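Welcome! Please take a look at the sequence and the 3D structure below, and then we can walk through them together.

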Amino acid sequence: MGYREDGLIKLGLYVSYVALALGALFGLLQVLERIPGVTIVSAGTYYLALTAHGVLMALVFTTFFIMSLATYVVTRELGMDTYSPKLNRLSYALVALGTVMAAVPILLGKASVLYTFYPPMKASPFFYIGATVLVIGTWVFAANLLLTVRKWRSAGNSGKLPLGVFGVVATLIIWYIATIGVAIEMLFQLIPWSLGVVERIDPLLARNFFWYFGHPLVYFWLLPAYIAWYTILPRLLNVRLFSDFLARVVFVLFILFSTPVGYHHQFMDPGIEAGWKFLHTTTTFFVFVPSLITAFTITATMEMAARARGGRGLLGWVRALPWRDPVFASIAFAMILFGFGGATGAVNAGNNLNYVVHNTAWIPGHLHLTVGTAVALTFMGLSYLLLPQLVGRELHSRRLALVQVYLWFFGMLLFSSAMHYLGILGSPRRTYDVSFGGAQVAQEWGPFLIAAAAGGVLLFASVALFLYNVLRTITSGARVELQQPGEVPVPEGAPGIVDNFRLFVAIALVLVLIAYLLPTAKIISLGTPGAPPVEIR
Amino acid sequence: MSINRYEKAWLGFSAVMVVAFLSIIGYFSFVAGFQTPQEAEVIDPTRIEEDGRFAEPRVEEVIPGELYNVYMVARMWSYSPKELSVPRGAYVKFYITSPDVQHGFHVVGTNVQANVIPGYVTVITAKFEKPGEYLIVCNEYCGRGHQFMQAKLLVTEG
Ligand code: HEM
Ligand SMILES: [Cu+2]
Ligand SMILES: [Cu+2]
């Protein structure tokens, strides 16, 4: 017996695994196709697969997993069902409906516009409408969880929010602020234009709204991983988190700085002035700070645990950590690779360094360390912990789980290093074949394309092992007693300044206005006649 | 809410690092002049050939050896002109537009790059110091033939 939402939590996880499976299949196809001289599919199929890979991995896998994780954390930490299990069901249904509406045109080749869907390349209207329904579903979902917190409060709980719930609230707030951008883009630009109600669209304005959404989107992925690092890791290691206060500061800093940064994706765009680009560079560097704090807090927490287990020496304590525990190893490796990802992100974030790497293979190199590992590997590791509790069965094989985590780590090191290096050499991303008619420079890319493919094969093998283990666990793991929802420990202390979400939302909105109002008005005032749709060919 | 001594030091280090990065980036942006594209003109993408510059894409010599204008059209899936030649050390001002979808423009091996967005003319200025032959690639996905989009830049001894 668990909570009333547990069925949906499980269902959400399963859907996310299906997305991961398909996404990995397309990923494998991409790395192999890009090897010089190899042709597996046509260019059209490659771009269809790339669209599907981006959407399935970055939107479907993450969103479903995060919805389930957030529900899990809130029900467990507050010790109650959500505000309305009915609303919760509705939200999952909407997200699922939106996913199907968008996925069908993608798989039919009617929406090979990649997951950034830049106009005036036009997809089937179902693609845009589906994505919008998906977002509306997440709004319903977020509202239900926020109402749950409120219900908990009005039940006489006046203390601090448990840290995990605090993190969930921050994530949902960021999501609400972020999705304003994509909602405007969909409702006022893409949907009417794709239906032919208006003839033309301003592609620069669309990019402006897309990246207003696109960057905070990454914190919607990342914060749930942080929640796991902050709340589950200490339990795993049997220690207290090094600093609960700073963990809360981290989530607050993300609320403040995750949105006014989008121009770091548009440094190469015309029509946005240097001053605004530099402002977004500045806020982007500010948003590094909470991750730097996290690196400290989590490392310090690990060190405390290691020393308590007899680890000693300046760095020798690292060996006392439970490296044979797949859940611990997944989080530790996720963090290490995220460290590299942060460093390469600092390159992306500098407005005048960016033009060396913009739109090159460096960018997928970077994003597979961040969302592709810090988030995805954490989620896989968490599954080994959560699934057994949810289905009441033991994990099929801890050994396989451990192998899976190590495979991902080394596979990703190889894949991502090769991709970063290709980027520095100027090899473009999102490209079916980079031979460019045998051009001299393009020939130098060959060895690294092969290295990336080798890494990709390891990653695919890792996903396959993961799915096998999950499937065996669900279907034939040894039965164990389901954990009863026990007494929930309430954190000590009254809410302090960091618990004042209203204040931070207000500041965040002001920062968003400062960062976006004038440059957006400037783009509109340029008054382009706009571009008519171009059907995908 | 006391903060551990080491953690304070780490926060201090983080702050110094952020300030140092921003100062360096700011210096190179605004003092040394390494700037990203920012100028833009608007244009009707369905009528670019009514603009003389794009009716006849070309390299135009403004001041011999010193300033050249390049008028370029990026379309599915080629650039015109396909080959350009400029002398080393000269300022080269690129005006690029697209009549169809978004495109990229990256001179491989250099930091010269820009997004090309229909409805706008992207304007960037560059200077090439090393003579040789450069590959220009489109690095913004533009449809099924995206991988074919390339051009050649010749930087001559001058
Ligand atoms: C089996 C493991 C994986 C492999 C082999 C793989 C491979 C690739 C490759 C080669 C690309 C670049 C293709 C191109 O630019 O032409 C790519 C893009 C991408 N991948 Fe993965 N990937 C894997 C897992 C993941 C995961 C776990 C995520 C996120 C959760 C992810 C998210 C993305 C995204 C967002 C893109 C960018 C798509 C675009 O440019 O439109 N990938 N992947
Ligand atoms: Cu970003
Ligand atoms: Cu292209």
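What pLDDT does chain B average? Chain B averages 92, and 99% of its residues score at least 70, where pLDDT is the predictor's confidence in each residue, from 0 to 100. This is a predicted model, in which local features need pLDDT of at least 70 and side-chain atom pairs count only at pLDDT 80 or more, while totals for chains, interfaces and linings use all residues. Residues are numbered from 1 along each chain as its sequence is written, chains are lettered from A and ligands numbered from 1 in the order in which they are written, and side-chain values use heavy atoms, leaving out hydrogens and water. For the complex, the predictor gives an ipTM of 0.94 and a pTM of 0.95.

**The iron site**

- A:His53 (NE2) and A:His368 (NE2) coordinate the iron atom of ligand 1 at 2.0 Å; donors are N, O and S atoms within 2.8 Å of the metal (3.2 Å for Na, K and Ca), and water is not among the atoms, so sites may look incomplete.
- The site of this iron atom is octahedral, with angles of 87 to 179° among its 6 donor atoms (six donors count as octahedral if opposite donors are over 155 degrees apart and all others between 65 and 115).
- Because A:His53 lies in helix H2 (residues 43-78) of chain A and A:His368 in helix H12 (residues 362-391) of chain A, the pair ties together parts that are 315 residues apart in sequence; helices (H or I, at least four residues) and strands (E, at least two) are DSSP runs, numbered from the N terminus.
- A:His53 is buried, with a relative accessible area of 13%, and A:His368 is buried too, at 18% (buried means under 20% relative accessible area, with a 1.4 Å probe and protein chains only).

**The copper site**

- The copper ion (ligand 3) is coordinated by B:Cys138 (SG), B:Glu140 (O), B:Cys142 (SG) and B:His146 (ND1), at 2.0 to 2.6 Å.
- Along the chain, these donors follow the spacing C-x1-E-x1-C-x3-H.
- Both B:Cys138 and B:His146 are buried.

**The sheet in chain B**

- An open sheet is formed by 5 strands of chain B in the order S5-S11-S10-S7-S8, with mixed pairing; two strands pair if DSSP finds at least two bridges between them.
- Strand S5 (83-87) and strand S8 (113-116) of chain B stand at the edges with a single partner strand each, so one side of each is left without a neighbour in the sheet.
- S5(B) pairs with strand S11 (residues 150-156) of chain B in the parallel sense over 5 bridges, and B:Leu84 stands opposite B:Leu153 in S11(B).

How values were computed
Four donors count as tetrahedral if all angles lie between 85 and 135 degrees; four count as square planar and six as octahedral if opposite donors are over 155 degrees apart and all others between 65 and 115; anything else is irregular. Buried means under 20% relative accessible area, exposed over 50%, partly exposed in between (1.4 Å probe, protein chains only).
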